[in-house]
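Here's a quick briefing to read with the model open. Have a look at the structure first, then work through the topics below.

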Amino acid sequence: MSDEDADDDTGSESDAGVSSSGAAAVPVGVKLGSTRTVIALPGEHGTENRIIKTLTCMATYEDALTGEEKVLYGEEAAREYPDRVQYMLRSGLPEDADRAEMTKTFFEAIIEEHDIPEHSGVVYAIPTIDNPTGLENLRDVIENSPIGLDLVESYPESLCGSIPAFGDDLEAIDEIFVAVNMGSTNLEASAYRRGEQLSPFTTGAVTGNEVDRMIANYVEEETQGRVNIDTQTAREYKEEHADFVDFEPFTDIIQQPGGGSHEFTIERSVMDALDEYLDDAVDELANTFLPELANDYMKVYQLALDRPIALTGGMACIPGIVDEFEERLSAELNRDIEVIAADEPDVAPTIGAQRIAARLVETN
């Protein structure tokens, strides 16, 4: 969604930062992610952000007494209704009208439960995906949500995620740098020149979801076919055990179809999949994205590589991946590269979006 479009929907600049009651709009940052949705807004005392984080999924069920359809979302839906829970943004965007409607229902349930104020200035961290239909569906979800009555804007997710990596304010907006978003559904890379996005690149071939599938396959191989796990279990293995610094083999137990249980140990499967992922990510960056950037904007390319590369997204949360990415990319480019990330890369886009929202509310 462009700035111009957002201005059309939210009124003139003279009243954008003030609610109808005369109070300042509450700055809110939102990322509707393929795996998790994160919302950031000022806490009760205004000194720290209040962070709302949940799985991007929902399930509906019928009330046993009234017959009314009710909605569960997030971890509760995944745990109680694994047979019919819907992950409506698995590709990063709502692909069709049905998924757009589910996303609206999901988002409205979060807003209602957590009492997010309607009179707010909201900035959404949006993925860089060449999918006009999906982007239009997401736009529809955003524009019809009950929040953001005072201001609605959207900025690239990788830019928002880089903001906390570069400092405590909005220093990244004044930088020239490269950002790499290591997400569940896409690997994204962009150069930024003082907030302007240049040469955006996206591939669905190197993703966190693909790592989950690889882990499931490797577990089957490592156990000589005795153990088959689903991708949700594989994701849990990745999130709980993957570590480029101090990985340790771990054991798990599965229930046998005919009764009884089977205990097994995983020594290689998780990190073998992560090693492949990181090699592929470095290859895409070094041999596809960066040559395209150099071809389109040579001076920006030269300046950006002298500055830190910012990693964002859920895959950047794996311990040791930032240093490992730095080492492998430096070797691939045959030059010293610095790589940085925020303390919580999966939450960083929402924090960055909230900081932008605070600035826009203040200046408007």
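Leaving aside its neighbours within four places in sequence, which residues is D212 in contact with? They are T231, A234, R235 and K238, where contact means heavy atoms within 4.5 Å. Keep in mind that this is a predicted model, so local features need pLDDT of at least 70, side-chain atom pairs count only at pLDDT 80 or more, and totals for chains, interfaces and linings use all residues. Residues are numbered from 1 along each chain as its sequence is written, and side-chain values use heavy atoms, with hydrogens and water left out.

**Confidence**
- The chain averages a pLDDT of 89, pLDDT being the predictor's confidence in each residue, from 0 to 100.
- 93% of the residues score at least 70.
- Where pLDDT is low, the predicted coordinates should not be read in detail.

- D212 sits in helix α6 (residues 208–222); helices (H or I, at least four residues) and strands (E, at least two) are DSSP runs, numbered from the N terminus.
- With a relative accessible area of 1%, D212 is buried; the cut-offs are under 20% relative accessible area for buried, over 50% for exposed, and partly exposed in between (1.4 Å probe, protein chains only).
- F166 belongs to helix α5 (residues 157–166) and is buried too, at a relative accessible area of 15%.
- Not counting residues up to four places away in sequence, F166 touches E171, A172, E175, F177, R307, P308, A310 and I340.
- M88 is 78 residues from F166 along the chain, and the C-alpha atoms of the two are separated by 32 Å.

**The buried side of α9**
- Helix α9 (residues 298–305) has V300, A304 and L305 buried.
- Those residues cover an arc of only 120° around the axis, which puts them on the same side of α9; the arc is that of the directions from the helix axis to the C-beta atoms.
- In general, an α-helix has 3.6 residues a turn, so residues three or four places apart point the same way.
- The cover over the buried residues of α9 includes strands β8 (176–182), β9 (187–193), β10 (196–203) and β13 (309–312), along with helix α8 (269–296).

**The largest pocket**
- For the method: on a 1 Å grid over the protein atoms alone, a cavity is a set of points where a 1.4 Å probe fits but cannot get out, a pocket is an open set with protein on both sides within 12 Å along at least five of seven lines, and lining residues have an atom within 4 Å of a point.
- The largest pocket has a volume of about 520 Å³, a volume being the space filled by probe spheres set on the points, with grid points joined across faces, edges and corners.
- It has 33 lining residues, and the closest to its centre are T35, S184, G313, G314 and M315.
- Elements giving two or more residues to this lining are β1, β2 (36–42), β8 and α7 (231–241).
- The largest share, five residues, comes from α7.
- By class, the lining of the largest pocket has 10 nonpolar, 13 polar and 10 charged residues; Ala, Val, Leu, Ile, Met, Phe, Trp, Tyr, Cys and Pro count as nonpolar, Asp, Glu, Lys and Arg as charged, and the others, Gly among them, as polar.

**Cavities**
- There are two cavities of 30 Å³ or more.
- The largest cavity holds about 40 Å³ of space, and its lining is V30, L32, Y124, A125, I126, P127 and L138.
- β6 gives the most to that lining, with three residues.
- The second largest cavity has a volume of about 30 Å³, with V180, L187, A189, F201, A281, E284, L285 and F325 around it.
- α8 gives the most to the lining of the second largest cavity, with three residues.
- That lining divides into seven nonpolar, no polar and one charged.

**Positive phi in loops**
- D115, not a glycine, has a positive phi of about 55°, lies in the loop between α3 (97–113) and β6, and counts as exposed at 63% relative accessibility.
- N334 has a phi near 60°, sits in the loop between α10 (321–333) and β14 (339–341), and is exposed, with a relative accessible area of 70%.
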